[in-house]
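Subject: A structure for you to look at

Hello,

I am passing on a structure that I have been going through, and I hope you enjoy exploring it. Please open it first, and then read on for what I found.

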Amino acid sequence: MIDHTPVVVFALDAQGTVTFAKGRGMESLGITAAGVVGRSYFDIIAGQATAIDNMRRALAGESVTNVGSFANRTFQSWLEPLRDESGAVSRVL
């Protein structure tokens, strides 16, 4: 389903490294999973102050919803922190 829907689904580890990326929406951005997995989200979106702030908030444990633009496209994003057994943020989806 993700491959045929104009979305981008991604996951980051607690340090902000992309661990998963999939979705047809990546085509419109000219990116591939191979091009972003293993890279810092903050390097990928350098210069996008709102997106950087939103991800920092998510990595700190806050659920964040935002509408913004990237690469001349408008996106609605939902950033959801996932916690480990101790309650610490281990990932963001």
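A nonpolar core, as I use the term here, is a set of buried Ala, Val, Leu, Ile, Met, Phe, Trp, Tyr and Cys residues that are joined through side-chain atoms within 4.5 Å. Please keep in mind that this is a predicted model.

Let me start with the inside. The largest nonpolar core holds 16 residues, and those with the most contacts inside it are V18, Y41, F42, M55, A58, L79 and V92. At least two residues each come from strand 2 (18-22), helix 3 (41-44), helix 4 (49-59) and strand 6 (89-92). Helix 4 gives the largest share, with four residues.

Helix 4 deserves a visit of its own. Which of its residues are buried? They are I52, N54, M55, A58 and L59. Seen down the helix axis, these buried residues fall within an arc of 165 degrees, so they line one face of helix 4. In general, an α-helix has 3.6 residues a turn, so residues three or four places apart point the same way. On the other side of helix 4, A49 and R56 are exposed. The buried residues pack against several elements, among them strand 1 (9-13), helix 3 and strand 5 (81-83). After helix 4 comes G61, with a positive phi near 115 degrees.

Next, have a look at the strands. Strand 3 (residues 64-70) and strand 4 (residues 73-79) pair in the antiparallel sense over seven bridges.

Finally, the charged pairs. How many salt bridges are there? The count comes to two. In one, the side chains of D3 and K22 meet at 3.6 Å, N to O. D3 lies in the segment before strand 1 and K22 in strand 2, so this pair ties together parts that are 19 residues apart in sequence. D3 is partly exposed at 41% relative accessible area, and K22 is partly exposed at 34%. E62 also forms a salt bridge, with R57, and their closest N and O atoms are 2.6 Å apart. E62 is partly exposed at 35%, as is R57 at 31%.

Best wishes

Notes: Residues are numbered from 1 along each chain as its sequence is written. This is a predicted model: local features need pLDDT of at least 70, side-chain atom pairs count only at pLDDT 80 or more; totals for chains, interfaces and linings use all residues. Side-chain values use heavy atoms; hydrogens and water are left out. Buried means under 20% relative accessible area, exposed over 50%, partly exposed in between (1.4 Å probe, protein chains only). Two strands pair if DSSP finds at least two bridges between them. The arc is that of the directions from the helix axis to the C-beta atoms. Contact means heavy atoms within 4.5 Å. A salt bridge is a side-chain nitrogen of Lys or Arg within 4 Å of a carboxyl oxygen of Asp or Glu.
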